[in-house]
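User: Hey, I've just opened this one and I'm new to it. Can you walk me through it?
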Amino acid sequence: MLYEIIATFVALNDGMTEPPSAKIFSFMEKDSKQTGLFVGSFDPFTEGHASVVRRALLLFGRLVIGIGINPEKQYMFTAEERRERIARRYAGDPRIEVVVYNGLTVDLAQRIGARFIVKGVRNAADFAYEMRQADYNRKAAGIETLLLPAEEGLIDVSSTRERERLKRELLSKQKQ
């Protein structure tokens, strides 16, 4: 099912009117040498992000989790705190590497040898935004983007909501 969804997204984005045969997408079979790049701010890393990691590892032998730095954004946690938390979560899995990066995602993808960027999408707005980014990534560097729809029960999970929950907890503890 996942392969069919991805194949349909890629095919429709390339102007095809029907999904291509599975044969064309044989590259989607897990390749222990293939590197995927999962990027985001991960402020903080959520169960939705963990779901994307789990499913991306079904496709890639190596997954680099790239924590992007946007100087225009205010973060709750420093980049190093985010890197440490994610690295600790996956400490026993040699297939996962966690890095912090500045600059363009396609530049990081090229540096680590990833032909695919992996992104999770929860709704139509996420999908529309990520499709524009995917188009840029393809045109700028020939890097493809795989969009993984959120699993049932995780559609409403977001870093913003998680930060709000953490702030409420902190305020509650301060009042006690």
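**Starting with a helix**

Analyst: Let's begin at helix α4, residues 105-112, where Thr-105, Val-106, Leu-108, Ala-109 and Ile-112 are buried. Looking down the axis of α4, those buried residues fall within an arc of 160°, so they line one face of the helix. Keep in mind that this is a predicted model.

User: OK, zooming out. How many helices and strands does the chain have?

Analyst: The protein chain has six helices and five strands. Going along the sequence, the pattern reads α-β-α-β-α-β-α-β-α-β-α.

User: And what share of the residues is buried?

Analyst: Buried residues make up 41% of the 176 residues in the chain. The accessible surface comes to about 10400 Å², with 52% of that belonging to carbon and sulfur atoms.

User: Which residues touch the most others in the largest nonpolar core?

Analyst: That core has 21 residues, and Phe-38, Phe-45, Val-53, Ile-65, Ile-86 and Tyr-90 touch the most other members. The elements giving two or more residues to this core are α2, β2 (60-68), β3 (96-101), β4 (116-121) and β5. There's also a second, separate core of twelve residues, which includes Val-39, Tyr-101, Val-106 and Leu-108.

User: Let's pick Ile-65 then. What does Ile-65 touch?

Analyst: Not counting residues up to four places away in sequence, Ile-65 touches Phe-38, Phe-42, Val-53, Ile-86, Tyr-90, Ile-96, Glu-97, Val-98 and Val-99. Val-98 is also the bridge partner of Ile-65 in β3.

User: How do β2 and β3 run, parallel or antiparallel?

Analyst: β2 and β3 run parallel, joined by six bridges. β2 is mostly covered, too: eight of its nine residues are buried.

User: Why does Val-64 count as buried?

Analyst: Val-64 counts as buried because its relative accessibility is 0%, and the cut-off for buried is under 20%. Val-64 sits in strand β2. Setting aside neighbours within four places in sequence, Val-64 is in contact with Thr-35, Gly-36, Leu-37, Phe-38, Glu-97, Val-99 and Ile-112.

User: How far apart are Val-64 and Glu-97?

Analyst: In sequence, Val-64 and Glu-97 are 33 residues apart, while in space they are 4.8 Å apart, C-alpha to C-alpha.

User: You listed Thr-35 there. Where is Thr-35?

Analyst: Thr-35 is in strand β1. Thr-35 is buried, with a relative accessible area of 5%. Its side chain has a polar contact of 3.2 Å with the side chain of Arg-62. Leaving out residues up to four places away in sequence, Thr-35 touches Phe-60, Arg-62, Val-64, Ile-112, Gly-113, Ala-114, Arg-115 and Phe-116.

User: Switching topic. Which peptide bond is cis?

Analyst: The peptide bond from Asp-43 to Pro-44 is cis, with omega near 0°. Pro-44 is in the loop between β1 (31-40) and α2. Phe-42 is found in that loop too. Phi of Phe-42 is near 50°, a positive value in a residue other than glycine.

User: Is Phe-42 buried or exposed?

Analyst: Phe-42 counts as buried, at 2% relative accessibility. Phe-42 is also one of the residues that Ile-65 touches.

User: What does the side chain of Thr-46 do at the start of α2?

Analyst: A side-chain oxygen of Thr-46 reaches to within 3.2 Å of the backbone nitrogen of Gly-48.

User: Last one: where's Thr-145, and what's around it?

Analyst: Thr-145 is in strand β5, residues 144-149. Thr-145 counts as buried, at 9% relative accessibility. Apart from neighbours within four places in sequence, Thr-145 is in contact with Ile-117, Lys-119, Ala-134 and Asn-137. With Asn-137, the link is a polar contact between side chains, at 3.3 Å.

Notes:
Residues numbered from 1 in each chain as written. Predicted model: local features only at pLDDT ≥ 70, side-chain atom pairs only at ≥ 80, totals over all residues. Heavy atoms only, no water. Polar contact = N/O pair within 3.5 Å; in protein donor to acceptor, adjacent residues only side chain to side chain. Helix = DSSP H or I, 4+ residues; strand = E, 2+ residues; numbered from the N terminus. Buried < 20%, exposed > 50% of the residue type's maximum accessible area, 1.4 Å probe, protein only. Contact = heavy atoms within 4.5 Å. Areas by Shrake-Rupley, 256 points an atom, 1.4 Å probe, with all protein chains shown as cover. Arc of directions from axis to C-beta. Core = buried A, V, L, I, M, F, W, Y, C linked by side-chain atoms within 4.5 Å. Pairing = 2+ DSSP bridges.
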